[in-house]
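Work through the exercises below with the sequence and the structure at hand. Each task is followed by a solution in steps.

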Amino acid sequence: MKNNYVHGYHERESVRLADQADCLSALLHHDSIFVENSLVLEAGCGTGAQTRIIAAQNPGSQFISIDISEASLRQAEQSVRSMNISNVQFRQGNIFELDFDDEMFDHIFICFVLEHLPKPKQALQALKRVLKKGGTLTLIEGDHGSAYFYPRSRAAQKAIDALVKLQALAGGNALIGRELYPLLMETGFKDCQVSPRMVYVDASRPEYVEGFTKNTFTAMIEGVREKVINANIINEQTFDKGVRDLYRSAEADGVFCYTFFKGSGRKT
Ligand SMILES: C[S@@+](CC[C@H](N)C(=O)[O-])C[C@H]1O[C@@H](n2cnc3c(N)ncnc32)[C@H](O)[C@@H]1O
């Protein structure tokens, strides 16, 4: 998995994930409220960027948060403990080889993970096994095809497309947001619903200009510079202009839009 994960496990990516989660907290999580006393499995918790939000806002639930990366788990644990959140246990684990009994959890939460997996449907099936009958799943993903901005820029579009291609070459799918509904249905979940969450950014929302356009989205594109250039997906000049143009959309007259997709389903 480590080689396939296009964003890597370095410090800057960890800061980016935290910026993303904090900036999008209200948009993505105002309704991440679980039934009191739920046992929740968070799959692919990474460095705990979502964990600290959902665990803090559901003090009546217990969380088991797993990730394949030991190093990320250590960071997650540190971050959550520093906030005095005590309802989370962290465990190393692989979504495809879950070490839990059948039908153990009331709820499963998975965010920004399926986009990196070659077999997202199998991942959902593996998660469904450990979900109680009547239990629910929350699934959040982005879709890089939903990014548009002012001023328009061919180079910026090519830089975004380069990341989409890199992720596809690694077996992932950066356009997975639009597929959440069919994925949930094909995995046999019932009462499936997908709620699009659009981030609209202009200079009247300075916290989003910094937190989203610059520190989340453009930082993510910038972060794969070496990889997309080394893989000959895009040339250096076009990529660098693309990144400059993305930063340009964060200036006083610029606009940036992106849509996340939050899906849910119930096991019957
Ligand atoms: C983009 S990060 C998202 C982390 C976190 N959910 C967030 O939103 O900040 C994706 C995470 O999925 C983890 N991951 C990937 N494949 C996995 C697998 N098969 N089992 C468990 N975790 C996995 C990676 O180690 C990484 O921490």
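Two residues are in contact if their C-beta atoms, placed from the backbone, lie within 7 Å. Helices (H or I, at least four residues) and strands (E, at least two) are DSSP runs, numbered from the N terminus. This is a predicted model, in which local features need pLDDT of at least 70 and side-chain atom pairs count only at pLDDT 80 or more, while totals for chains, interfaces and linings use all residues. Residues are numbered from 1 along each chain as its sequence is written.

**Exercise 1.** Describe how H1 and H7 meet.

Solution. 
- Step 1, the residues: Arg16, Asp19, Gln20, Asp22 and Cys23 of H1 are in contact with Glu207, Tyr208, Gly211, Phe212, Asn215, Thr216, Ala219 and Met220 of H7.
- Step 2, the classes: this contact has 5 nonpolar, 4 polar and 4 charged residues. Ala, Val, Leu, Ile, Met, Phe, Trp, Tyr, Cys and Pro count as nonpolar, Asp, Glu, Lys and Arg as charged, and the others, Gly among them, as polar.
- Step 3, the axes: those of H1 (residues 11-29) and H7 (residues 206-222) come within 9 Å and cross at roughly 140°. Axes are lines fitted to C-alpha atoms, for helices over the stretch in contact, and angles run from 0 to 180 degrees between N-to-C directions.
- Step 4, the orientation: H1 and H7 are therefore oblique to each other. Angles under 35 degrees count as roughly parallel, over 145 as roughly antiparallel, 65 to 115 as roughly perpendicular and the rest as oblique.

**Exercise 2.** Which backbone features stand out at Asn37, Asp191 and Pro151?

Solution. 
- Step 1: phi is positive in Asn37, near 70°, and in Asp191, near 50°; each is a residue other than glycine.
- Step 2: Tyr150 and Pro151 are joined by a cis peptide bond, with omega about 0°. Pro151 lies in the loop between strand E6 (148-150) and helix H5 (154-169).
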